[in-house]
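Please consult the sequence and the structure while reading.

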Amino acid sequence: VQARVLNVAGNLLKHYGGPDMVDLEIVAFGPGISLLFADSDQQQRISSLAANGVRFVACMNTVDTMERSSGKRPELNPLAIPVQAGVAHIVERSTQGFVVIRP
């Protein structure tokens, strides 16, 4: 699923002609937060997409819950933009004209 999300972002950038033509955010929450772990297998692709204007948003509610459950706070990719509630961020973005895509 994580690779599919990154593929969709890359395909949208390509289709619309680059970062000046489309504004993309990938919001990770729940089990999807592992995409934004510092040791993710997808680090190189995340860096490449970020260099092309894609923003990566991390739900801190999910991170806090993981820390409470495991006793260890996961380290996030430094490119991750923290928001308190990932789902609330998606709702806010949808009211700002963003289209929500869930691969």
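Q: Why is Asp-64 called partly exposed?
A: In this predicted model, Asp-64 has a relative accessibility of 24%. Partly exposed covers the range between the buried limit, under 20%, and the exposed limit, over 50%; Asp-64 therefore counts as partly exposed.

Q: What makes the pairing of Asp-64 with Arg-73 a salt bridge?
A: The closest N and O atoms of Asp-64 and Arg-73 are 2.9 Å apart. The cut-off is a nitrogen of Lys or Arg within 4 Å of a carboxyl oxygen of Asp or Glu, so the pair qualifies as a salt bridge.

Q: Why is Glu-25 called buried?
A: The relative accessible area of Glu-25 is 19%. Buried means under 20%, and Glu-25 is therefore classed as buried.

Q: How do you know that Glu-25 and Arg-55 tie together separate parts of the chain?
A: Glu-25 and Arg-55 form a salt bridge, with their closest N and O atoms 3.0 Å apart. Glu-25 belongs to strand β1 and Arg-55 to strand β2, so the bridge joins parts that are 30 residues apart in sequence.

Q: What makes Arg-55 partly exposed rather than buried?
A: Arg-55 has 23% relative accessibility. Because buried requires a value under 20% and exposed a value over 50%, Arg-55 is partly exposed.

Q: Which other salt bridge involves Arg-55?
A: The side chain of Arg-55 also meets that of Asp-23, at 2.7 Å from N to O. Asp-23 is in the loop between α1 and β1, 32 residues from Arg-55. With a relative accessible area of 44%, Asp-23 is partly exposed. A network of salt bridges links Asp-23, Glu-25, Arg-55 and Arg-93, and the whole structure has five salt bridges.

Q: Why does Gln-42 count as buried?
A: Gln-42 has a relative accessibility of 15%; the buried class requires under 20%, and Gln-42 is therefore buried. Gln-42 is placed in the loop between β1 and α2. Leaving out residues up to four places away in sequence, Gln-42 touches Gln-2, Ala-3, Leu-6 and Leu-35.

Q: Which residues touch the most other members of the largest nonpolar core?
A: Of its 21 residues, these are Leu-6, Ile-26, Leu-36, Leu-49, Val-54, Phe-56 and Leu-76. The largest share of this core, four residues, comes from α1.

Key
Residues numbered from 1 in each chain as written. Predicted model: local features only at pLDDT ≥ 70, side-chain atom pairs only at ≥ 80, totals over all residues. Heavy atoms only, no water. Core = buried A, V, L, I, M, F, W, Y, C linked by side-chain atoms within 4.5 Å. Buried < 20%, exposed > 50% of the residue type's maximum accessible area, 1.4 Å probe, protein only. Helix = DSSP H or I, 4+ residues; strand = E, 2+ residues; numbered from the N terminus. Contact = heavy atoms within 4.5 Å.
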